Amino acid sequence: MPLAAFIAVSAALFFIGVAGVLVRRNAVVILMSVELMLNATNLAFVAFSRRLGVAGERGSVFVVFIFVVAAAEVAVGLAIILAAYRNRPTVDVDQLDEMKG
Amino acid sequence: MLDFLGLVVFAIFTIMIVGAGLGVVLANRVTTSALLMAFTFLNMAGMFVLLGAETIAAFQVLIYVGAITVLILYGVMFTPQTPRAYGLFFQKQTPWGAVLAALAALPVIVVAFSFHDAKTVAPPGGDLNALAIAVFNSFAFPFEVASVLLLAAMVGAIVLVKRESPAAPPAAPLRRSEPPR
Amino acid sequence: MSVDVVGLVWLVPGIPLAAAIVNGLFGRRWLHRTTGVIASVALGLSAALGLAIFFAVLASGGQPRVVTLYEWIGVGDFRVDTAALVDPLSATMVAVVAGISFLIHIFSIGYMEHDRGIHRFFTWLPLFVFFMLTLVLADNYLLMFVGWEGVGLCSYLLIGFWFEKPAPYTAANKAFWMNRIGDWGFTIGTILTFLTFGSLNFHEVFDKVAGVAQTQPLTITFIALAFFLGATGKSAQLPLYSWLPDAMEGPTPVSALIHAATMVTAGVYLVARSTPIFADAGSALVVVGIVGAVTALFAATIALVQVDIKRVLAYSTVSQLGYMFLACGVGAPIAAIFHLATHAFFKALLFLGSGSVIHATEEQDMRRMGGLRRKMPITYWTFLLAGGALAAIPPLAGFWSKDEIVGAAFTSGHQILWSVGIGTGLLTAFYTTRMIYLTFHGEPRDHHLYDHAHESPPVMTVPLMLLAAGAVLAGLVLGFPPDAGFIHRFLAGVVSAEAGQQPEAPNYVLIAVLAAVAVVAALIGIGIGYAMYARRRPDPAAVSRAAGPIYTLLVNKYFVDELYDHRIIDGGRALFGAAWAFDAHIIDGIVDRLAWLTALIGSGLRRVQTGVVGNYALSIAAGLLVLIVVYGGYATGMLHR
Amino acid sequence: MITGTPILDHSLTLLLVIPLVGILPLLAFIKDARAAKQVAIVTTFAELVVSLVMLAQFRVGEAGFQMVESVAWLPSLGIRYEVGVDGISVLLVVLTTLLTFISVLYSSGGAIKQRVGEFMVAFLLLEVGMVGVFIALDLFLFYVMFELMLIPMYLIIGIWGGTRRVYATLKFVLFTLAGSLLMLVAIVAVYLNSGPAGSRTLSFPDLIAGPTRFAPEFQVWAFLAFALAFAIKLPMVPFHTWLPDAHVEAPTAGSIVLAGILLKAGGYGLIRFALPLFPIGAQVWLPIVIVLSVVAILYGAMVSTVQKDLKKLIAYSSVAHMGFVTLGLFVLNTQGGVGAVLQMLNHGVVTGALFLFVGIEYEKTHRRQIADLGGFANHWPLYTGFFGIFVLASLGLPGLNGFVGEFLVLLGTFRYGGQPISGLLWGPLAAIGVILAAIYLLWMFQRVMYGPVREAYKALPDLTPIEVACAAPLLVLTILMGVFPQPLIAIIQPSVDRMLALAGATITVAVH
């Protein structure tokens, strides 16, 4: 399998995630898009690690850590969304501008 | 032959991932987005298998498809959505965002294809041993730190969503050293 | 067995210091009037020791000796010790200062008896004596400066003794500030001396003067002028004299001790002590002589028309100090010291006499006195003797010393200065006569005041009589025969301009002629005064009317105070105010403008913070794009470092 | 010499640790004002005692650093925990602990009424910073301590200050921070220039030990950055305007240490780091510094004369006095340098005391405008006596401490033969500042002390015993340092000579 293919898929998914973060109003969907981005990087890590052979198992280790970060991020992110929602019943990020300077 | 079969499988996964990913971003209903996201993750697990990373694939299924999707679904449940017209699902900055994302994506994808000569080699005998040795030897300390991170995230999440009990007195106003002028 | 008295020299200032400390710490709470006794006893001990040292120096043939206490400051090649130089000059000064201080302390016990600040008085007066003795004993310029500033401080404190009224504290400030201007000169002189000679020690400096004078005559002149500026401040010479008349706001014993007998002569002492420097200073010496002569005449004219008895004496003091500088300027420092010593006696006596009068009448305006000689005989007679000494009537003390100064001016070829000296002598005799007549003779002009007047108690009159003895005899004892008397032989080795040379035999004929001229001038002055104030022919009021603008000028003291107050002080205030405005508006204004500008920019940039998460995400993505472009540019070689 | 006890072999570290240890019980009793005061007094007193022990351990006459403790701190960056004292810093450390103790003692007397515990914590933290600045030998450690002084002082002015405290404290912080960030940049640059990678260091003894010096071009800019930081702290005209505001708003104890110690950090930094490290750079900027010093002396005095607020008057007088410090340092000779260090010590004692007395007066009358005061001399004899002596010391009366430093600085200035104009001009000009000092101080003294006393003030008491206890040590020092300055000079001079030799000065050796 050529490495380029995996990287391309990874890049495509990553930027789909980026687009999701930038365009969607729903905070929960934004969170999902972030997850897509994280997963895309996972793919790139594993692919590069496979290219380097066994010595590159470190790439896979990073994937493990990204799992951890992703899990933590979803938990905290959702908690924030819920807290915000309780404060003001909307998940529309365009309406959440309490921090306006 | 095997290469060809691999290519076909890869193509299917790719189509599924990109399609479902686009669906996550574009779907009208949040629930649909969530399910499509789970589907993307599942296909991603397939990609990992293709790369010979069975352990990672297993984690992927357990954590992403299982835990995170469930969490997201809970989130969807707790924040009831009112159905609205399609256009209102996008932010005001959508044109800017789309253009930017596309502009950024282009060079990266171009660069990605610069690796066309390189091959990926799946290690013989699976990746479990190597991964375990790496995590518990060289990366033992970061691994422990990661567990602390998880604990902190858990505590943080609980604190954030915990409701103040109605019996609690209202919080005292910030004290000042002297009355305001 | 013999005790090394000279070795104990530090006890002379030390005992008054101890008294000052004791009185200062315990006076207010516990000692009260006992402070006067403590201070007087201390001064008595100090004066006795001072006299003993004087005689010890006399016995040793005037051999100088240095008594070092400890190293005061030593940095690199700069080193100054706390050390006393005991030689004929300082021994003379110590004896005069300690002796007169002792008498004045005793007098003050009576004079200050009813003042509630008596403990302060008897703290600062011994403290003053301590500093004055330090000044005269110091063996280097810097330690001398300690005494120099210290006496200035005590003078400040004592002038402002009654600090609840504005006049005393204003006068006190004026005295300190004017002295500070002089001290500026002293500081510069000290530092230049060190840089030129590599030492501040009198002996080391004087040993090198002759050599340095060959190579750097201008430097020596500058040093001399700088020191002389210091001397004009302390000794109230033009242009820094005007603090001394105002200093009469202080208690009268203070005027007697500090502003007549001792402190104000410090400038003369400085010049006399620095004779080797001044002798080689060329034109600086001329400046000293001219300033002295002009000041003598200038102050004497003002004294003619003053009505406050103490102010007459104050201007008289300025005038007499001018004589002393005149002596230094014409190369007769011994005459200056001689006059310093006799002047200390008779001027202290005059002040104490006036103090006795003021104590009895609580009045200082001579126009309201008159006829007091019947009420206060002792005061009158002692005052009369001192007045005679001031007017230089032979054989009183003032005659010998003043005549010597005027004679020295003539013999050294300064005929103009000589004539100024004679003219001033005439004026001196006149205002002295006027003062005595207005105060003690004639009919009482204020009967209420006259009826309450009384002779002072013995604690005050005994010092008067002792000082009167000095005023009569000091001249004869110290300075007879003229130019070859005791003091000339005693001091010749120290302060003579041509140290070591045998002085020429005095020309007694010339001296007698010059003395006769001076005496005639004095008698004329007395005669005019007697005619005007005893016979009223011509009537003083008529004379002053006739003098017209000149009289106005004199009564207003040549408008010098007005000049200083309205031009210099106001100008200074305007300048300082401008500096403050500059600080507040320009320097701080720039600072505040900068802060304001920052705030302005901030409030502009604030709009960028929309608070919408999406916008922030968008800017992150834009940043990502930039990173990609830049990094990609480098990686692909499209951009170059 | 007191040695043998292991803990006293590390007395410098002990000096840093004691206040930190004191903070722990303070945090426990933070709401209990009485306990907080007691803990703070005991802690600062212990600190004072240890600093005196340290002074006793100091070997007089040696120029180099003593009691050096050096431990690797961030080895990958070559940063060390390195402390030590020489003749310049050892006395400043003792001054610091003394003034801190007095400030805490005075504040315990009732001057601080709110948040006493927090105040004491801030003060102890401040003490760590101040002591640390004087004993740090590693540039990075020095920088940390330099900034550590800033934060507690920011709080002390900002929380316990007067009505315009926020303006004043922000101004103070922004000014000083601007300077010290420049210094940070310079420190990084020094690090990068200190040698090839791997042997880079920020340790001052190492930096001056090597025969190689920094490139001239580099020195010019590095010196400027260092000097700006210290000039702002000092403060030098025209960077002085934070000082009057900070002093006016600061609580009394804050004013005491601000004037007494914090300003000294600037002067100390100049002679310890800026001059020895960058001699060539110093030569370039030296004429400007000398001119500004003379300007500061005259200008500070002039502005001081017309001040209406007592604290502002003393603050501006500090500007003038610190002008003598910079002047003495930059004429680069022994007398000037020793005079400058003495002037720092003297100014610390005297101006600290002056602020103490203004604070005492303010506590009693609640007035600080000179026009509102008057006539205390008869009413408060004790107060007047103390205050008068400090005023006299401040105006440089010989026999009190202010004179020795100022005279030596003037002497050094006259000696300065440098370009473009020699000290024969600057010396007399600077000496005029002494005249002006007499004018503004005595005029102030007259307006505050003389004349009739106001009816409203007649019931006010004279000094309390605790106030006397605060002032008495300062009074004794004022007199002793003026009469017997030689023991101090013996400590200071070798180290000053060493620093100045590094700065390229020619040192004259004693001929006696």
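How many helices and strands does chain A have? Select chain A and count: three helices and zero strands. Helices here are DSSP runs of H or I with at least four residues, strands are E runs of at least two, and both are numbered from the N terminus.

Before going on, know what is on screen. This is a predicted model, in which local features need pLDDT of at least 70, side-chain atom pairs count only at pLDDT 80 or more, and totals for chains, interfaces and linings use all residues. Residues are numbered from 1 along each chain as its sequence is written, while chains are lettered from A and ligands numbered from 1 in the order in which they are written.

**Stop 1: chain A**

Stay on chain A. From the N terminus on, its elements run α-α-α. Its radius of gyration is 17 Å, well over the 13 Å that the globule rule gives for 101 residues, so chain A is more spread out than a compact globule. Of its 101 residues, 63% are buried. Buried means that 20 or more other C-beta atoms, placed from the backbone, lie within 10 Å of the residue's own.

**Stop 2: chain A with chain B**

Contact means that the C-beta atoms of two residues, placed from the backbone, lie within 7 Å. Nonpolar covers Ala, Val, Leu, Ile, Met, Phe, Trp, Tyr, Cys and Pro; charged covers Asp, Glu, Lys and Arg; the others, Gly among them, are polar. Of the five pairs of chains in contact, A and B share the most contacts.

**Stop 3: two helices of chain C**

Select residues 333-361 of chain C, helix H15, and residues 377-390, helix H16. Their axes come within 9 Å and cross at roughly 145°. (Axes are lines fitted to C-alpha atoms over the stretch in contact, and angles run from 0 to 180 degrees between N-to-C directions.) Show side chains at the contact: H15(C) brings residues including C:Phe346 and C:Leu350, and H16(C) residues including C:Phe383 and C:Ala386. The contact has eight nonpolar, six polar and no charged residues.

**Stop 4: chain D**

Chain D has 19 helices and two strands. Its radius of gyration is 22 Å, close to the 24 Å that the globule rule gives for 512 residues, so chain D is as compact as a globular protein of that length. Its C-alpha atoms fill a box of roughly 70 × 55 × 45 Å along the principal axes. Of its 512 residues, 62% count as buried.

**Last stop: confidence**

Chain D averages 89, and 96% of its residues score at least 70. Then select residues 507-512 of chain D, where pLDDT stays under 50. Where pLDDT is low, the predicted coordinates should not be read in detail. For the complex, the predictor gives an ipTM of 0.79 and a pTM of 0.85.

Terms used
Rg over C-alpha atoms; globule rule 2.2 N^0.38 Å. Buried ≥ 20, exposed ≤ 12 C-beta atoms within 10 Å, placed from the backbone. pLDDT = per-residue confidence, 0-100.
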